[in-house]
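Dear colleague,

Please find below the structure that I am handing over to you. My notes on what was found in it follow.

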Amino acid sequence: MQRIGMMVGIRAEKIKEYKRLHADVWPSVLAQISRSNIRNYSIFLREPENVLFGYLEYHGEDFSADMARMAQDPETQRWWTLTDPCQEPLASRADGEQWSMMEEVFYYN
């Protein structure tokens, strides 16, 4: 299992909409997350900085391939047309990233 942390900004005027969307995530999107071998997925909001922190546990064998398949899913694409405009990618993000991946520097179990 791989623990993954990631960050993205959120537009202040879109916070209410983002929360509304995530209070009722479509079953098809949740099913695709499961098919992509993702478990224990959480998104946290930090205000007033307006930053989202995502945490997930990946239980598959090929993260890149699973994420590519997720990106091809029509319902996930439709979901992202609603959520992506709420987000403001970090200036320091890697090429092609919406959410900026983070390095794990400490873990205690």
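**Findings**

Gln-32 is buried, with a relative accessible area of 8%; buried means under 20% relative accessible area and exposed over 50%, with partly exposed in between (1.4 Å probe, protein chains only). This is a predicted model, in which local features need pLDDT of at least 70 and side-chain atom pairs count only at pLDDT 80 or more, while totals for chains, interfaces and linings use all residues. Residues are numbered from 1 along each chain as its sequence is written, and side-chain values use heavy atoms, with hydrogens and water left out.

Gln-32 lies in helix 2 (residues 27-35); helices (H or I, at least four residues) and strands (E, at least two) are DSSP runs, numbered from the N terminus. Beyond residues up to four places away in sequence, Gln-32 touches Arg-69, Met-70, Asp-73 and Thr-76, where contact means heavy atoms within 4.5 Å.

Thr-76 also belongs to the buried residues of helix 4 (residues 74-83), together with Trp-79 and Thr-83. Seen down the helix axis, these buried residues fall within an arc of 60 degrees, so they line one face of helix 4; the arc is that of the directions from the helix axis to the C-beta atoms. The face turned away from the buried side carries the exposed residues Pro-74 and Thr-81. The cover over the buried residues of helix 4 includes helix 1, helix 2, helix 3 (63-72) and strand 4 (87-88).

Yours sincerely
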